[in-house]
Amino acid sequence: MINKQVADAAEAVADIFDGATVMIGGFGEAGSPIELIHALIDQGAAGLTVVNNNTGSGEVGLAALIKAGRVAKMICSYPRSLNSTVFPEMYRSGQIQLELVPQGTLAERIRAGGAGIPAFYTPTSVGTPLGEGKELRRFDGRDYVLEYGLTADFALIKGLAADPLGNVIYNKTARNFTPVMATAATTTIVQVTSLVAKGELDPESIITPGIFVHRIVRVGEPAYESVLVAKGVSYP
Amino acid sequence: MNTVTSKIGLTREQMAQRVALDIPDGSYVNLGIGIPELVTRFVPEGRELIYHTENGLLGMGPSPETGMGDPELINAGKRQVTALPGAAYFHQADSFAMIRGGHLDLCVLGALQVSEKGDIANWSTGAPDAIPAVGGAMDLVAGVKSIYVITQHCTKHGRPKLVAECTYPLTGLAVIDRIYTDLAVIDITPRGFQLVELSPGVSFDYVRERTGARLLPIEEDQRMAGYE
């Protein structure tokens with residue numbers, strides 16, 4: 001019998017190793033797996049390369065992981081946001097590297113990585129600083145840059161509900177990068193608000209099929225970044 | 001006489017209203033943050049536009065009533081929004097397939113500079129201490145069928161934003177179709193900036209003096225056609 005549920009967030013992230021590449025789902029706070037990120041801070045892995053659209057806000061979740069000095073490099077499209085202070089300070093003082101990627105290119109690099117596509121051409125960034133030094137090729141009279149697929153050792157993601165097989169559905173715009181990240185990681189770890197029995201999710205409605213998911217943790221009442229930031233919480 | 005100098009040209013709201021007039025019924029539209037967001041308020045009665053937000057929603061509606069929102073239903077500016085009847089959620093790769101694949105009809109963006117060739121700079125001033133952040137801007141200008149810029153004609157310091165060559169880091173090359181400013185509506189053509197319309201009370205010379213490249217006047221036959 002397949003049952004991918006593990007006891008808690010600590011067990012789910014226990015084997016994340018120093019220097020790992022970790023994709024973290026979410027666009028701002030929507031879809032951010034805060035409890036898994038906090039468990040990763042407690043676990044202690046360092047020298048991580050983290051892939052996320054942003055760099056977190058306040059001193060919780062992703063921003064707390066960065067503040068704890070565990071992230072060597074961020075791959076993202078928009079590293080400054082409202083209440084985002086940790087990353088800018090560490091970036092300016094040279095404590096963290098940044099690979100800035102246009103948002104659609106980031107999504108497609110992850111999708112390609114998960115789909116076994118090593119590289120692709122895109123018109124995005126041609127003629128701009130972010131296209132500099134990239135291989136150019138012309139198709140039908142238009143220039144495109146070569147971009148490489150992106151994979152990860154682990155993905156930390158958040159869903160609304162899952163069954164023991166790892167089929168997942170999401171809440172509204174919390175879906176964002178998560179389904180493609182689930183496909184691109186060797187080990188995908190999902191925290192969900194509710195766990196349901198096999199067969200309870202409508203097969204027509206499943207967004208992430210269980211083959212892409214390896215561990216499930218139930219977090220019944222997930223925290224929201226904006227609420228924690230408003231309370232002045234600083235993790236740990 | 002009072003001491004308040006009367007403002008020449010359109011307000012932000014009037015600029016948004018002017019753009020809204022030009023968006024056909026049934027268009028799929030992505031609006032940038034700032035003045036572009038105001039466009040939704042001025043869509044003429046009887047037209048239905050479908051708003052796209054790149055973080056995964058078609059059919060985006062206005063902000064929720066206070067306390068009625070969901071922190072996981074947000075727009076690309078990370079503000080809470082609503083989903084209208086008929087809305088659809090999707091993931092980021094599908095969202096950018098809509099953008100890059102040319103499925104969206106129109107994107108309305110702000111700009112730091114636009115060149116007479118249609119190049120746009122709108123993501124970075126290139127300042128050495130700035131944290132570089134691009135988001136989806138480069139994908140939008142590369143992929144959406146029509147790109148309109150809505151911007152003040154000049155910077156706060158009075159420098160032209162419509163220029164011969166952008167000096168700020170580029171977002172995209174030769175991608176802009178039309179510019180709506182407080183002073184005028186201007187098309188990008190193979191011959192450069194082509195005036196389409198002057199804001200009420202604004203003269204051609206006034207706009208030309210504030211434009212950083214050659215501005216082609218409205219041809220007489222076009223002007224007449226405009227009044228018919």
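What is the mean pLDDT of chain B, and what share of its residues reach 70 or more? The mean is 93, with 93% of the residues of chain B at 70 or more; pLDDT is the predictor's confidence in each residue, from 0 to 100.

This is a predicted model, in which local features need pLDDT of at least 70 and side-chain atom pairs count only at pLDDT 80 or more, while totals for chains, interfaces and linings use all residues. Residues are numbered from 1 along each chain as its sequence is written, chains are lettered from A and ligands numbered from 1 in the order written, and side-chain values use heavy atoms, without hydrogens and water.

Where pLDDT is low, predicted coordinates should not be read in detail.

Now the cysteines. Over all chains there are 0 disulfides, a disulfide being a pair of cysteine sulfur atoms within 2.5 Å. For B:C107, the nearest cysteine sulfur is that of B:C166, 16 Å away. The sulfur of B:C154 is 15 Å from its closest counterpart, also in B:C166, which is too far for a bond. B:C107 is buried at 0% relative accessibility, and B:C154 is buried at 17%. Buried means under 20% relative accessible area, exposed over 50%, partly exposed in between, with a 1.4 Å probe and protein chains only.

Last, helix α2 of chain B, residues 92-100. Helices are DSSP runs of H or I, at least four residues, and strands runs of E, at least two, numbered from the N terminus. Because 7 of its 9 residues are buried, α2(B) is largely enclosed by the rest of the structure. Its cover includes α5 (103-114) of chain A and β2 (50-53) of chain B.

Key
Contact = heavy atoms within 4.5 Å.
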